[in-house]
Amino acid sequence: MTITFYDLCGRDSKRFSPYGWRTRMALAHKGLDYTLELVKFTEKDKIAFSGQPLVPVIRDGERVIHDSWVIAEHLEDTYPQRPSLFGSAEGRGMAKAINSFVNLTVQPLLAPLIVADVVAHVDAADSDYFVSSREKRFGKALPEVQVGREETVEGFRKALEPIRIVVKDQPFIGGVAATYADYALFGTLQWARCTSGFRVVAADDPIHAWFERVLDLHGGV
């Protein structure tokens, strides 16, 4: 079966969606070929067939799956002969916990640190939509959201302590090899790397070294 992967893109086809990166890494981990369809913020009609407005979406044969976590579970269950994303049933539970931690804690703390920087990477046709929708979400102009980030970044870094404790003693969150637990956090930090010059993790942080190891996976995809 042929997989089609619908992923968000910005200016010059740059792909910076944290959730898209989770799926991109999951597909690479599984070694699955796919056809890529890029979707801009204002091109929701391209994924209307999925019954909802958000990427990532994959079409795998007759099946349409959205939500990066649900996609990961689909890939794991549909292609069990390929390298496992979770390692075990217990590993799936751990990955789901990390995925939820990133969604509910890490992502909300990171967004105010970089959201105004993201604008420069959004396609020109999407700029007005992106700015207005994010200003509505934050209740203020985007440059104001980032005011004082040199101080507030410490709260973000502190929130990563549970991960730091793990990766200072082993190469990956998943252990000696990466699992989807790694890709869940990687996707969010990759969002920052792709869109902002602001350093959200210190160079001497074990999380920085872990992130570099994940960047090197799968041929540096």
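User: In this predicted model, how many residues of the lining of the largest pocket are nonpolar?
Analyst: Residues are numbered from 1 along each chain as its sequence is written. Local features need pLDDT of at least 70 and side-chain atom pairs 80 or more, while totals for chains, interfaces and linings use all residues, and side-chain values use heavy atoms, without hydrogens or water. A pocket is an open set of points on a 1 Å grid over the protein atoms alone where a 1.4 Å probe fits, with protein on both sides within 12 Å along at least five of seven lines; lining residues have an atom within 4 Å of a point. Setting aside nine polar and seven charged residues, the nonpolar ones (Ala, Val, Leu, Ile, Met, Phe, Trp, Tyr, Cys and Pro) number 20.

User: What is the volume of the largest pocket?
Analyst: Among its 36 lining residues, Ser17, Tyr19, Leu54, Val55 and Arg134 are the closest to the centre. The largest pocket's volume is about 870 Å³.

User: Which element gives the largest share of that lining?
Analyst: Helices here are DSSP runs (H or I, at least four residues), numbered from the N terminus. Two or more residues come from each of α1, α2 (68-78), α3 (89-118) and α4 (127-138). The largest share, nine residues, is from α3.

User: What about the second largest pocket: which element gives the most to its lining?
Analyst: This pocket has a volume of about 250 Å³. Of its 13 lining residues, Arg193, Val200, Val201, His208 and Phe211 are the closest to the centre. Both α8 (180-195) and α9 (206-215) give two or more residues. With four residues, the top contributor is α9.

Technical notes
Grid points are joined across faces, edges and corners, and a volume is the space filled by probe spheres set on the points.
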